[in-house]
Amino acid sequence: MKNILELNNVNVSFHTFAGEVKAVRGVSLHLEKGESLAIVGESGSGKSVTSKTIMRLLPEKTSEIKEGEILFEGRDLTKLSNREMEKIRGSEISMIFQDPMTSLNPTMTVGKQIMEGLRKHQNLSKNEAKERAINLLKLVGIPNPEIRIGEYPHQFSGGMRQRVVIAIALACNPKVLIADEPTTALDVTIQAQILDLMRDLQQKTGTAIILITHDLGVVANLSQRVAVMYGGTIVETGTTDEVFYNPKHPYTWGLLSSMPKLNTNDKELLAIPGTPPNLLNPPKGCPFAARCPYAMQVCVDHMPDASDVTSTHKAACWLLDERAPKVEPPEAALV
Ligand code: SF4
Ligand code: MG
């Protein structure tokens, strides 16, 4: 089996006082062994909800997986008991979040925090766990790991703390690592270092990575494939090259147009005007229709199916229908 993780038609809702918020609608995705997939979209697009659904980290009382399956090595995670899920979380699938300070315990040495997961999931003796913790700190590029293992999170800089978080996430050799905006809280040079580190680690450890980000710029260096989310749905997916160099969905065009370009400084950054759809009452047609400069009547009336552009590239847009007028991406969207 090539796919380590497969989401089929996943629908997730939140029950709120205002009504049912349909946060994720019909999401299908796959992750191959050892590959890196980026899920890109604005906040509220459903990308974090998707990742938390995989980890089963959504609040049980207020959220619900309404439909769909999440197959991890063929087992449907939506059907596992909390106990079974607990065994998978942190050992076979682990997750890192945006702000390293909130994922670390300020009152515990970093060594202890790395060793905790190892002792819990891997049955190591104290000495074995310590040795492994030192090696992990070395692996993520923390100098003097023998000393730093005894220090507390506040003694580390932001970038170094995120390295510690990555070490904890990798401690049990997970098959899948989900990184939700892992560099957003860091300054630009540190961001680049952390992304380089993640790429190195992916190559060294063979861990498959799902990178969740609002920033298309961080995708190109780390991920082989990209899924673009909008309004709780996936609007385009393809290899990174396909999505960057031959984007087909107007929302992707908008994202690419709003990305700073390296080689030019004369082009203004274009924000996409308008606001995302209200998922309490999602539009019955294309979720992007209210903001799309190319919207047609059919877009408002009917949700577009995902059309194949190539065997690896799909987009859900009526412009790909053979009856639609021919539209070229705007110049600002061309990388
Ligand atoms: Fe725009 Fe219509 Fe395509 Fe939606 S389906 S992105 S509204 S052209
Ligand atoms: Mg988020």
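# Notebook: a first walk through the model

**Helix α11.** I began with helix α11 (residues 250-257), where eight of the eight residues are buried, so the helix is largely enclosed by the rest of the structure. I noted the buried residues by name: P250, Y251, T252, W253, G254, L255, L256 and S257. What do they pack against? I found β3 (36-40), β9 (225-230), β10 (233-239) and α10 (240-245) as the partners of the buried residues of α11.

I looked up the confidence and found that the protein has an average pLDDT of 92, with 96% of the residues scoring at least 70. For the model as a whole I wrote down an ipTM of 0.96 and a pTM of 0.93. I also keep in mind that where pLDDT is low, the predicted coordinates should not be read in detail.

**The whole protein.** Next I stepped back and counted twelve helices and twelve strands in the secondary structure. The radius of gyration is 21 Å, close to the 20 Å that the globule rule gives for 335 residues, so the protein is as compact as a globular protein of that length. Along the principal axes, I see the C-alpha atoms filling a box of roughly 65 × 50 × 40 Å. How many of the residues are buried? I got 41% of the 335 residues. I then turned to contacts with a separation of 6 or more, and residues 24 or more positions apart account for 65% of them.

**Helix α7.** My next stop was α7, which covers residues 158-170. From the first C-alpha to the last, this helix of 13 residues reaches 18 Å, close to the 18 Å expected at 1.5 Å a residue. Is α7 mostly covered or mostly open? It is mostly covered, with eleven of its 13 residues buried. Among the buried ones I listed R161, R163, V164, I166 and L170.

With 15 other C-beta atoms within 10 Å, E151 is partly exposed, since a residue needs 20 or more to be buried and 12 or fewer to be exposed. Leaving out residues up to four places away in sequence, I found that E151 touches T109 and V110. I checked G111 as well: E151 and G111 are 40 residues apart in sequence, yet 7.6 Å apart in space, C-alpha to C-alpha.

**Two backbone angles.** Most residues other than glycine have a negative phi. N173 sits in the loop between α7 and β7 (176-180), and I have it down as partly exposed, with 13 C-beta neighbours inside 10 Å. N9 also has a positive phi of about 50 degrees without being a glycine. Where is N9? I placed N9 in strand β1 (residues 3-16). N9 is exposed, as it has 11 other C-beta atoms within 10 Å.

**Around ligand 1.** Last, I turned to the ligand. Which of the 14 residues around ligand 1 come nearest? I wrote down C286, C292, A295, C299 and C317. I sorted the shell by class, and it holds 13 nonpolar residues, one polar residue and no charged ones.

Methods:
Residues numbered from 1 in each chain as written. Chains lettered and ligands numbered in written order. Predicted model: local features only at pLDDT ≥ 70, side-chain atom pairs only at ≥ 80, totals over all residues. Helix = DSSP H or I, 4+ residues; strand = E, 2+ residues; numbered from the N terminus. Expected span 1.5 Å × (residues − 1). Near = placed C-beta within 6 Å. Nonpolar A, V, L, I, M, F, W, Y, C, P; charged D, E, K, R; others polar. pLDDT = per-residue confidence, 0-100. Contact = placed C-beta atoms within 7 Å. Rg over C-alpha atoms; globule rule 2.2 N^0.38 Å.
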